[in-house]
Amino acid sequence: MTELFNPIGEKVEQAVQANDEAEDDFKPIDEIESLCMNCHENGMTRLLLTKIPYFREIIIMSFNCDHCGFNNNEIQPAGTFQLKGVHYELRLRDMEDFQRQVVKSDTATVKFIELDVEVPAGKGQLTNVEGLLTTIVDDLVFDQEKRMKETPEAAAKVAEVIAKGRQMLAGEAFPFRVSVDDPAGNSFIAPDPRDGVGKWEKREYLRTPEQNEALGLADTNTEGLDDNGDIIPDQVYQFPASCPGCMHPCTTNMKMVDIPHFRQVVIMNTSCDDCGYKSNDVKTGGEVPEKGKKVTIKIKTPVDLARDILKSESCQLECPELSLSVNPGTLGGRFTTVEGLLTQVRDDLHKQIFEADADVEKTKRKNDSLDSTEASRWNDFFDGLNSAIKGEREFTIVLTDPLAASYVQSLADNPDEPDEQMTVEEYERTEEEEEELGLLDMKTENYENDV
């Protein structure tokens, strides 16, 4: 069976090969005659099915009408909505960051935070950060003359935004941030292996009932709750979902478990009988602690790789010796071993970047969208990660969790004694962390007075 969604580089190679072999019937781009909504004559729609590195399959569409000159370009995800919404944020520090690839679906909202400008959901785009900002500035300039005549005060404020936007494009206003928020989970900002903590961030989240309604999704069934509407411990709840792998209907199972000497956790599992896709996630429950917690563990021997580790969704994971940084929300919640956690990070990254088979030890297929320098950096990164997973090198894991919901197993003989290889310290949450977690707006006492 012919692969429909190949990277653009492979489609170019196929076109060149077909041209050399005089295969006139090969067309990498599908063309469909369709109605022009401007002049109601027939125009031409061109479709390109391709893969985006680090992301997934998309459909690039272009319409052109020879009769009236109308044209339109947009992209659509090749699948359905994802199980969770996604929020990306990139901090731009130099001109090179403008070239970061951006996929904006028709359900995504783009915001340049320091510019205080937000682009609402609309037409899907495949572009880069420079293209997004240029489009915003050009759109503001387009109606500026009309604003000057009708609403001079508003025009003056827009002029300030335009001037600041042009300074950003000229590289005179670094650093600044851009975010893409998509409740459908089909948008994306490309990462870079050199990104450190705080530069590129991906966070997945559960959609609100309002977002589900806007996407046309049915409300979740709430049967099986107690008299107060709360989840019953140790009872398995099932929810209908769509498989991210094959898009067929599947089931998500959820169960709340009370772990002794720790706290309540919610275990979630999604499995698909059609394609075999499986996904597991762990979310911690209970009250919000007054302080965050930072756990530092030194991994010296293969025995340390077998330590149990619980990484919550709010936890940031760092391995300085491996140049590894996992931002909160990227992997979701995971309860596994140190070896299992690193293996999952490696496999997920390798699949996204190189589009390789599951056995990353035996194959290093180079993604044609990566240049040789970038591919070499990623290969060096994976070599170091593989050595750590095999226990061939020592490294350090740092878990920073503002909700103190993460845990690493202690190997001390007496549970009351400290582990020599592990340090646990509490810290005061920053105002930014409090804001990110929504704690600044939380009121648990006398809230009835505000009603």
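1. Strands β3 and β4 of this predicted model are paired in the antiparallel sense, with seven bridges between them.

2. On to the neighbouring pairing. Strand β3 covers residues 57-64 and runs antiparallel to β2, to which eight bridges join it. Here L48 has I60 of β3 as its bridge partner.

3. Strand β1, residues 30-35, pairs with strand β2, residues 42-51, through six bridges, again in the antiparallel sense. E33 is bridged to M44 in β2. The two strands make a hairpin, and six residues lie between them. In that turn, H40 has a positive phi of about 65 degrees.

4. Taken as a whole, the sheet is open and has four strands in the order β1-β2-β3-β4, with antiparallel pairing. Strands β1 and β4 (71-77) are its edges, since each pairs on one side only. From one strand to the next the twist averages 25 degrees.

5. The helices come next. Helix α2 (residues 129-142) packs with helix α4 (residues 152-169) at an angle of about 150 degrees, and their axes are 10 Å apart. Angles over 145 degrees count as roughly antiparallel, so α2 is roughly antiparallel to α4. Their crossing is left-handed.

6. Which residues make the contact between α2 and α4? From α2 they are E130, L133, T134, V137, L140 and V141. From α4 they are V158, V161, I162, G165, R166, M168 and L169. By class, this contact has nine nonpolar residues, with two polar and two charged ones.

7. V137 deserves a separate look. This residue sits in helix α2 and is among those that α2 contributes to the contact with α4. Is V137 buried or exposed? Its relative accessibility is 4%; the cut-off for buried is under 20%, so V137 counts as buried.

8. The surroundings of V137 can be listed. Leaving aside residues up to four places away in sequence, V137 touches I162, G165, R166 and L169. As for distance, V137 and K164 are 27 residues apart in sequence, while their C-alpha atoms are 9.5 Å apart in space.

Terms used
Residues are numbered from 1 along each chain as its sequence is written. This is a predicted model: local features need pLDDT of at least 70, side-chain atom pairs count only at pLDDT 80 or more; totals for chains, interfaces and linings use all residues. Side-chain values use heavy atoms; hydrogens and water are left out. Axes are lines fitted to C-alpha atoms, for helices over the stretch in contact, and angles run from 0 to 180 degrees between N-to-C directions. Angles under 35 degrees count as roughly parallel, over 145 as roughly antiparallel, 65 to 115 as roughly perpendicular and the rest as oblique. A crossing is left-handed if the near helix is turned anticlockwise from the far one by less than a right angle, and right-handed if clockwise. Contact means heavy atoms within 4.5 Å. Ala, Val, Leu, Ile, Met, Phe, Trp, Tyr, Cys and Pro count as nonpolar, Asp, Glu, Lys and Arg as charged, and the others, Gly among them, as polar. Two strands pair if DSSP finds at least two bridges between them. Buried means under 20% relative accessible area, exposed over 50%, partly exposed in between (1.4 Å probe, protein chains only).
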